Amino acid sequence: MKATVRGVTLRYEAIPSEIAREARETLRDRFGHALSVVSTQAPCRNCLRISREPEDLILLSYRPLEDAGPYAEVGPIFIHAAACDRYDNVEAFPPDFADRPLVLRAYDRAGAIFDATVAEPGSAPAVASKFLEDERVAQVHARHVSYTCYDFRIVRGY
Ligand SMILES: [Zn+2]
């Protein structure tokens, strides 16, 4: 998919690498939870691959927004238990998420929610671009449509 939609260049960002590295090395997340390895199918928020077969994954808590206000939710995410490469094709929509609907939440610079919607499969780049055309929007979070777990974020790619 093209990176530029409706004139806005998009950048797709996985969680910071250090979050995954710390969780693997310490089996603790930043909220003090003891972590364990489970065999399951879920999107890895570091490499943004969605396993088709059960894989060894670690479940941890993650806060995708700075803790600047009440919108800074903490929620569960999976990462591969073994080292994997952070998603780095940042100008391309993560292909494993292309065939699913996504909740898209737009946040302003202060971390307050600005708008939200459900994007049908394939429409997330256009919807995110529409949100990011408004200068008041700083970032858009993609989440699972029913579990509502955080998947990745979309920002302007200057
Ligand atoms: Zn991974």
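**Entry 1: pairing strands**

Two strands count as paired if DSSP finds at least two bridges between them. I kept that cut-off in mind while going through this predicted model. I started with S3 and strand S4, residues 55-62. They pair in the antiparallel sense, over 4 bridges, so the pair meets the cut-off of at least two. I then looked for the partner of Val-38 and found Leu-57 in S4.

Next I took S4 and S5. Their pairing is also antiparallel, and I noted 6 bridges. Here Ile-58 stands opposite Ile-79 in S5.

I reminded myself how such pairs hold: strands of a sheet pair through backbone hydrogen bonds, either parallel or antiparallel.

**Entry 2: the sheet as a whole**

In what order do the 3 strands of the open sheet run? I read it as S3-S4-S5, with antiparallel pairing. The edges are strand S3 (37-40) and strand S5 (75-80), and each of these pairs on one side only. Neighbouring strands are turned by 45° against each other on average, direction ignored.

Something packs on this sheet: helix H1, residues 17-26. I found H1 touching S4 and S5. The direction of H1 makes about 110° with that of S4.

**Entry 3: the zinc ion**

Which residues coordinate the zinc ion? I listed Cys-44 (SG), Cys-47 (SG), His-80 (ND1) and Cys-84 (SG), at 2.0 to 2.3 Å. The angles among the 4 donor atoms run from 101 to 118°, and the site is tetrahedral. For reference, the ideal angle for four tetrahedral donors is 109.5 degrees. Along the chain, I wrote the donor spacing as C-x2-C-x32-H-x3-C.

I then asked where Cys-47 and His-80 lie. Cys-47 is in the loop between S3 and S4, and His-80 is in strand S5, so this pair ties together parts that are 33 residues apart in sequence.

Are these two buried or exposed? Cys-47 has a relative accessible area of 10%, and His-80 has 7%. Buried means under 20%, so Cys-47 is buried, and so is His-80.

**Entry 4: an exposed proline**

I moved to the loop between S4 and S5, where Pro-70 lies. Its relative accessibility is 83%. Exposed means over 50%, so Pro-70 counts as exposed. I also checked a distance from Pro-70 to Ala-112. Their C-alpha atoms are separated by 8.0 Å, although the two are 42 residues apart along the chain.

**Entry 5: the cores**

Nonpolar side chains tend to be buried together in soluble globular proteins, and I looked for such groups. The largest nonpolar core has 24 residues. Leu-102, Leu-104, Val-140, Phe-152 and Ile-154 touch the most other members. Strand S2 (8-13), strand S6 (102-108), helix H2 (124-132), strand S8 (137-144) and strand S9 (150-156) each supply at least two residues. H2 gives the most, with 5.

Leaving out residues up to four places away in sequence, Val-140 touches several others, among them Ala-128, Phe-131 and Leu-132. Phe-152 and Ile-154 are also in the list for Val-140.

There is a second, separate core of 14 residues. I noted that this second core includes Ile-15, Cys-44, Cys-47 and Tyr-150. Cys-44 and Cys-47 were already in my notes as zinc donors.

Conventions
Residues are numbered from 1 along each chain as its sequence is written. This is a predicted model: local features need pLDDT of at least 70, side-chain atom pairs count only at pLDDT 80 or more; totals for chains, interfaces and linings use all residues. Side-chain values use heavy atoms; hydrogens and water are left out. A nonpolar core is a set of buried Ala, Val, Leu, Ile, Met, Phe, Trp, Tyr and Cys residues joined through side-chain atoms within 4.5 Å. Buried means under 20% relative accessible area, exposed over 50%, partly exposed in between (1.4 Å probe, protein chains only). Contact means heavy atoms within 4.5 Å. Axes are lines fitted to C-alpha atoms, for helices over the stretch in contact, and angles run from 0 to 180 degrees between N-to-C directions. Donors are N, O and S atoms within 2.8 Å of the metal (3.2 Å for Na, K and Ca); water is not among the atoms, so sites may look incomplete. Four donors count as tetrahedral if all angles lie between 85 and 135 degrees; four count as square planar and six as octahedral if opposite donors are over 155 degrees apart and all others between 65 and 115; anything else is irregular.
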